[in-house]
Amino acid sequence: MIPLIRTVPIVPMTNNQRERAHWSTLKKEKDDWTLLIPLCAEANRQQEGERRMVEIVFCKTKGPESDPDNLHARCKSILDALVRRGWMIDDSPKYIDLRVSETTRARRTATVIAVSDTSEESIDEKRPWKEVVYGEDAA
């Protein structure tokens, strides 16, 4: 599988924002995330019995850190978009290993999404989000 690593210049709504949002706002967010995730090539589609590693890093420039339950709730639009675009069969624990983290000292607001086979090294080891957090010349 060719891994997907995508940096998106927005972060999804928090759980509190989602609970108070009008249905049309929720639909717009769902559609926006679907457009931001590239379509999966047939060779990369998840096969039955295969597990995928999905790692999401929320990069914020300011504000307090989110609670773990709120971090996972923020992933809903992203996971739904990955399923709709063919990267995963379903977003249940049977098919994916989900890792979510957040940094509040980023240079710009962004969301980094990585999808790979569970046997490959993790996003934390590759750290493609380091440019967003530390700048382009970060080690």
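Predicted model: local features only at pLDDT ≥ 70, side-chain atom pairs only at ≥ 80, totals over all residues.

Colleague: What does the secondary structure come to, and how do the elements run from the N terminus on?

Modeller: There are six helices and four strands, in the order β-α-α-β-α-α-β-β-α-α.

Colleague: Why is the pairing of Arg18 with Glu29 called a salt bridge?

Modeller: The closest N and O atoms are 3.3 Å apart, and the cut-off is within 4 Å, so the pair qualifies.

Colleague: How do you know whether Arg18 and Glu29 are buried or exposed?

Modeller: Buried means under 20% relative accessible area. Arg18 comes in at 13%, so it counts as buried, and Glu29 at 10% does too.

Colleague: What makes Asp117 and Arg52 a salt bridge?

Modeller: Their side chains meet at 3.6 Å, N to O, which again is within 4 Å. Asp117 belongs to strand β4 and Arg52 to strand β2, so this pair links parts 65 residues apart in sequence. With 16% for Asp117 and 1% for Arg52, each is under the 20% cut-off and therefore buried.

Colleague: Which residues do salt bridges with shared partners join into one network?

Modeller: Glu50, Arg52 and Asp117.

Colleague: And how many salt bridges does the rule give?

Modeller: The count comes to 10. Another one of them pairs Lys60 with Glu102 at 3.3 Å, N to O, and both of these residues are buried.

Key. Residues numbered from 1 in each chain as written. Heavy atoms only, no water. Helix = DSSP H or I, 4+ residues; strand = E, 2+ residues; numbered from the N terminus. Buried < 20%, exposed > 50% of the residue type's maximum accessible area, 1.4 Å probe, protein only.
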